[in-house]
Amino acid sequence: MRVAARRVVVLAVVLLQLVFVARGYWSDHKEFAFQMFPESSTWRARVVRVTADGRRVAVERPWAGYRWDELVSVRGLGYPSVRHHADAGLDNQLAFLDAALDWVASHTPRDRETRYLEATVRSWHNADPPRVEVLRSGVREGVR
Amino acid sequence: MSAAAVGGPARPRRLNAAFDELLGRPVSMRALALLRVLAGPAVLLHLWPFLTDALDGHVYSDSFYEPYASWYPELPDALYAGLLALAALAAVAMSLGFLTRVATAATFAVVAYNLFLSTTHFHNNRAYLVVVLGLLAVAPCGRELSVDAWRRRRAGRPELGRSAPAWPLWLLRFECAVVYGASGLSKLLDPDWFGGTVTWQRVVQARDELDSLPDWAVSVLTDRSFHTGAAKLIVLTELFIAVGLWSRRTRYAAVWVAVVFHLAIEGSASVQVFSYLGIAVLVVWAVPSTRDRLVRIDPSGAGMRRLGGLVRALDWLARFRVEPAPAGSPLEVVDRDGAVLRGAPALAFILSRLPLTAWFALPLLLLPSVRRARRASER
């Protein structure tokens, strides 16, 4: 019984590790894939709050007692307008930015005017020409 | 029943038996005990920013974070801070070998829990730390180099066996090789990496940080063509480490290169505990048997006595038995295979097998005089 359990545990760990390594080639977050220093890619973004009346207000300006750099202080997202290295790869970085927009939209209850947040991202994948894409948070409930 | 029918299932059975023997083979847990001691400081370094933030009243959930799963349990702030403090205490106990099994399991559990709280917590060095702690937690690595063993001796209880089934050690070796192999392979398959674009751009982006270097060095480092070769060297270095560790012929070279590799990374990038952990884990590649080499030292000379003390103090992997030699005898070492070295070659050999001096002494083994002495002793 013990011998069989040992065999199963070892094979499971080896197989799981190999799956994680393979998954690193398509996943945004490359957990246990050990892809170190994968890219020299850089990015910057203009992040705005789009209000119910259609205004687009940069998040660098505090609002309703909130500050972007306090709300989003990790993974190099605190100052998105400054061009940064995407240290775990561009896909990983933009996945974090996308998730951060959603998190801010849903964790700022004092804000009664923002409908959604929007990031216009300019990114440079290694030496490729720049690419522009727009990321949006979900629309906040109760703001019209 | 035909012979083929009999031979068919017999081969898988033999393979299974060989595999089970490999996993269950009793080997020395000394390397894992040493790694356990070394892993404690890595955990403390890793937990430090989380702990200091928590003591300042700031935890991960106060700003953007992204849970892996909605069902993953999250604790109230005070309890979370307490858990981190508990993990720090457990890491100290783990290193000291006090209630080793419980301390190691607790350290692993909290570090893993913290890692999986948010995708934003994830870094390769933390993943590696969790893997190492998990395997230490399942290995009986507290039977030596531990307070537990000392208390047992003091109480007059019989010592627990220092050998145990090898499978946690093999898994740690596998994980160690995967770290270098996966990293090297991902760079090999990426034309931007293998062609030098990535390293060149990173250096150019960090041009301001090169000001302390002489002009010629800056000129070389920012030269695009330099990176065409340098990137290939980096990739092949990682792959060499991953493969070279598995063969006894190339293992010492791979370990030596790995140390250089980690020190170079530490000097050029911010990688948290990766360099320290990466170097510490290399001890698992020591042959898992102990006291199977003999050092004979003439105790009548003060210098030789000091050398004997030094060998005993630095022999963290328990590779040598130190015995007295007749007065006037030169320093002598008998290797596992019976080969005998004397004098300076013996000293170079001994230092090359002690963890703290190995990196400096291993190149000495390539000196013609040492190689000649080794060859002569094998005849």
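This is a predicted model: local features need pLDDT of at least 70, side-chain atom pairs count only at pLDDT 80 or more; totals for chains, interfaces and linings use all residues.
Helix H2 of chain B covers residues 30-55. The axes of H2(B) and H4(B) come within 12 Å. They cross at roughly 35°. The crossing of H2(B) past H4(B) is left-handed.

Confidence was examined next. The model scores ipTM 0.93 and pTM 0.93. Chain B has a mean pLDDT of 93. In chain B, 98% of residues reach 70 or more. Among the elements of chain B, helix H4 (residues 100-115) has the highest mean pLDDT, at 98. Helix H1 of chain B (residues 3-24) has the lowest, at 78. Over residues 1-5 of chain B, pLDDT stays under 50. For that stretch the model has one contact beyond four places in sequence.

Chain A contains three helices and five strands. Along the sequence, the elements of chain A run α-β-β-α-β-α-β-β. The radius of gyration of chain A is 20 Å, whereas a compact globule of 144 residues would have one near 15 Å. Along the principal axes, the C-alpha atoms of chain A fill a box of roughly 65 × 40 × 20 Å. Of the 144 residues in chain A, 32% count as buried. Contacts in chain A with a separation of 6 or more were also sorted by sequence distance. Residues 24 or more positions apart account for 62% of them.

The two chains touch each other. Chain A brings 34 residues to the contact, and chain B brings 28 residues. On the side of chain A that touches chain B, the elements giving two or more residues are helix H1 (2-23), helix H2 (68-71) and helix H3 (90-106) of chain A. H1(A) gives the most to this side, with eight residues. By residue class, the side of chain A that touches chain B divides into 20 nonpolar, eight polar and six charged.

Notes
Residues are numbered from 1 along each chain as its sequence is written. Chains are lettered from A and ligands numbered from 1 in the order in which they are written. pLDDT is the predictor's confidence in each residue, from 0 to 100. Helices (H or I, at least four residues) and strands (E, at least two) are DSSP runs, numbered from the N terminus. Two residues are in contact if their C-beta atoms, placed from the backbone, lie within 7 Å. The radius of gyration is taken over C-alpha atoms; the globule rule is 2.2 Å times the number of residues to the power 0.38. A residue is buried if 20 or more other C-beta atoms lie within 10 Å of its own, exposed if 12 or fewer, and partly exposed in between; C-beta atoms are placed from the backbone. Axes are lines fitted to C-alpha atoms, for helices over the stretch in contact, and angles run from 0 to 180 degrees between N-to-C directions. A crossing is left-handed if the near helix is turned anticlockwise from the far one by less than a right angle, and right-handed if clockwise. Ala, Val, Leu, Ile, Met, Phe, Trp, Tyr, Cys and Pro count as nonpolar, Asp, Glu, Lys and Arg as charged, and the others, Gly among them, as polar.
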